[in-house]
Amino acid sequence: MASAGGHVAALWTEVNRCGQNGDFSRAIKAVNKILHEAKDDVTALHCKIVCLVQNSSFKEALNVMNNYSKVLGSDLVVFEKAYCEYRLNRVESALKTIEAAAEQTDKLKELYGQVLYRLERYDECKAVYTDLIRNSQDEYEEERKTNMAAVVAAMSQWGESAPEDLGLSETTYELCYNAACSLIGQGQLTEALNKLRQAEEFCRVSFADDSDVTEEDIASELAVIHSQMAYIMQLQGRTEEALQLYNQVIKLKPSDVGLLAVTANNIITINKDQNVFDSKKKVKLTSTDGVEHKLARKQLQAIDFNKALLAMYTNQAEQCRKLASSLQTQNPGHPRPVLVQVAQLCREKQHSKAIEQLQQFSEQHPESASGIKLTMAQLYLTQGHVTKACDILRSIDDFKHKQGMVSALVTMYSHEEDIDSAIEVFSQAIQHYQAKQSGSPTHLALVREAANFKLKYGRKREAISDLEQLWKQNTNDIRMLAQLISAYSVVDTDKAKSLSKHLPSPDSMAFKVDVEELENSHGATYIRKKAAKPPGDNLPKEQGNVEIKKKRKKKKGKLPKNYDPKATPDPERWLPMRERSYYRGKKKGKKKEQIGKGTQGATTGGAAELDASKTASSPPTSPRPGSSSSSAPGSSTAVPPRQQKPAASGATRKKVPQKKKKSGKGGW
């Protein structure tokens, strides 16, 4: 018995020594030997569980706790059990374990905050960390503040309400990073970018004194900061700089699968429907194991949405439908999955089916119907159904009285020449603003546009009420009063006369302008002609006072060559040659005689003798001006003067003497 007790004591000494050295594998062997001697030793079982947790053997530790649950009890290893469940991504089970604990210790509260953060219950998580920071003072205070800043950043980006400023000090790069994320959620991009640069500087300074840290380690630690910088640049429209930073992060191959997935997804959004091959490579990084446990629910939804869009751009219709259906199952009331399905149907030219699907979704989810109905109206317009598009737009209660919507509806109804419907749109919008914002700039602007529209289309009787309302708002508006008088002149002349008394007198409206100087100015488009002087003013004045202008002599027109004054001019000489009666067109197909291009010994002199058209007895097919040959019966003998040319007879033509070939010395 004494020897057995000494052996167990030695084993406990070994366990203690291994625990202090961090050699938990050797400690487990010693604990197993102790359990072999004492099977139900609670302390040994607890030590074994702790050693397994330290070695990240969470499943084995959980099995030990479940197998010895009666021996260990419910409260002894509650923290270890909840922690193992949390690390195995059984977050709901971990939450139940913590809430069932009899006492909430500080370390259990720390784990409780982590579990709530993973479940995206940020308000409760914030309350837990606030309590921990107030009621605990130890070396982990900086880490608690960092976690608190992460909760505030998550609330600002994905929460429904903006969190309050807790005034956390930004003494570390983690705190600066979380503060920058919070600023991004509030839309303060420039301030967030400056805060990230500050976080980068803090990070470099913190690792500067550590000689064991390499540049690669620092770059890996800065990867998340650089990725967030690129995200801000992308939001600012600086896509080239953002893409360069994203690719630098991808090349580092960080161990954080969540960071890789988000970076790859953002590169895909920059590529859009271009550079599809690169997007296909990047999309694989978003499907790595464990990504779903690293990212928030909205981040995962955005990644799946971009996957569906990429499938649509790469003509993978079935894959696109599958991803969109999965998204719709996860979020039945979200319009994005339906819009992806509709876009795919439109690419397949199934517009009617797309409109039907949109109509069905808008009826099932009226809270999201506004954007869906805008898409329906766009599809109707692409098909040319303007009236149906107008009906859809008028059914959107959130937008139908907006100025932009009123303008669009009036324009479309005017295009369809449905003036009554356009006036009805104006009337409904005016009534809406008159009931809620009477006399506001928007209300008066709508009344003014309605009056101008009615006057444009000759509806003066209907425009009177609008013009009267505007004139009462501003009685000094002379233009509005003039329009009102013009409208009443058609309906009630007496009223028009009574209103005309309010017009200012012509003297008060006249401007002191020199009309003649204005008309004679450099930019005047019309200059009034001066009246003709009476005959008495045209008498010659004394020489020396007035210079006498010399009259230019008219030059005689040039006559055509070979002009014959005795010949009758051609009555069709002013017409183009193609329109004259004797024009027969140019003869085509005549080839010039090719001299010296035949075979040796061949002669071309007999070709002219055999051509019947060159003989004297062959009459021309059309009158040839200037020819001495007889014309065909019934043709005009008049020759136009511009076409008279001296005719050369065959006897007077000089023959060009052919050069004799000089015989060479060798000869043929």
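Glutamate 348 is partly exposed, with a relative accessible area of 25%; partly exposed covers the range between buried (under 20%) and exposed (over 50%), using a 1.4 Å probe and protein chains only. Its side chain meets that of arginine 321 in a salt bridge, 2.5 Å from N to O. A salt bridge here is a side-chain nitrogen of Lys or Arg within 4 Å of a carboxyl oxygen of Asp or Glu.

Before going on, a quick word on ground rules. This is a predicted model, where local features need pLDDT of at least 70 and side-chain atom pairs count only at pLDDT 80 or more, while totals for chains, interfaces and linings use all residues. Residues are numbered from 1 along each chain as its sequence is written, and side-chain values use heavy atoms, with hydrogens and water left out.

**The big picture**

- The protein has 32 helices and zero strands; both are DSSP runs numbered from the N terminus, with helices (H or I) needing at least four residues and strands (E) at least two.
- Of the 668 residues in the protein, 32% are buried.
- The accessible surface comes to about 45,500 Å², and carbon and sulfur atoms hold 50% of it. Such areas come from the Shrake-Rupley method with a 1.4 Å probe, and for residues only the protein chains shown count as cover.

**Salt bridges**

- How many salt bridges does a search of the whole structure find? The count is 16.
- Back to the opening pair: glutamate 348 lies in the loop between α20 (335-347) and α21 (351-364), and arginine 321 is in helix α19 (residues 317-330), so the two tie together parts that are 27 residues apart in sequence. Arginine 321 is partly exposed too, with a relative accessible area of 29%.
- Arginine 17 and glutamate 14 also pair up through their side chains, at 2.6 Å from N to O. Both are in helix α1 (residues 2-21), and because they are three residues apart, about one helical turn separates them.
- Arginine 17 is partly exposed, at 37% relative accessibility. A network of salt bridges links Glu14, Arg17 and Arg26.
- Arginine 144 and aspartate 138 form another salt bridge, with their closest N and O atoms 2.7 Å apart.

**Patches on the surface**

- Which residues gather in a patch of negative charge on the surface? They are Glu139, Glu142, Glu143, Glu174, Glu216, Asp217 and Glu221.
- Patch members have over 30% relative accessible area and no salt bridge; like charges are joined within 9 Å, and nonpolar side chains (Val, Leu, Ile, Met, Phe, Trp, Tyr) within 5 Å. Asp and Glu count as negative and Lys and Arg as positive, with His and the chain ends not counted. Each charge is placed at NZ of Lys, CZ of Arg, CG of Asp or CD of Glu.
- Helices α10 (141-158) and α13 (215-235) each supply at least two residues of the negative patch, and the largest share, three residues, comes from α13.
- Aspartate 217 is in helix α13 and is partly exposed, at 41% relative accessibility.
- Val42, Val71 and Leu76 make a nonpolar surface patch of about 190 Å². Valine 42 belongs to helix α3 (residues 42-54) and is partly exposed, at 30%.

**Loop residues with a positive phi**

- Serine 56 isn't a glycine, yet it has a positive phi of about 65°. You'll find serine 56 in the loop between α3 and α4 (58-67), partly exposed at 46% relative accessibility.
- Lysine 272, also not a glycine, has a positive phi of about 55°. Lysine 272 is in the loop between α15 (257-271) and α16 (276-283), and it is exposed, with a relative accessible area of 54%.

**Two helix residues to look up**

- Serine 279 sits in helix α16 and is buried, at 0% relative accessibility. Leaving aside neighbours within four places in sequence, serine 279 touches Ile268, Asn271, Gln274 and Leu310.
- Threonine 382 is in helix α22 (residues 369-382) and counts as exposed, at 56% relative accessibility. Threonine 382 and histidine 351 are 31 residues apart in sequence, and 9.4 Å apart in space from C-alpha to C-alpha.

How values were computed
Contact = heavy atoms within 4.5 Å.
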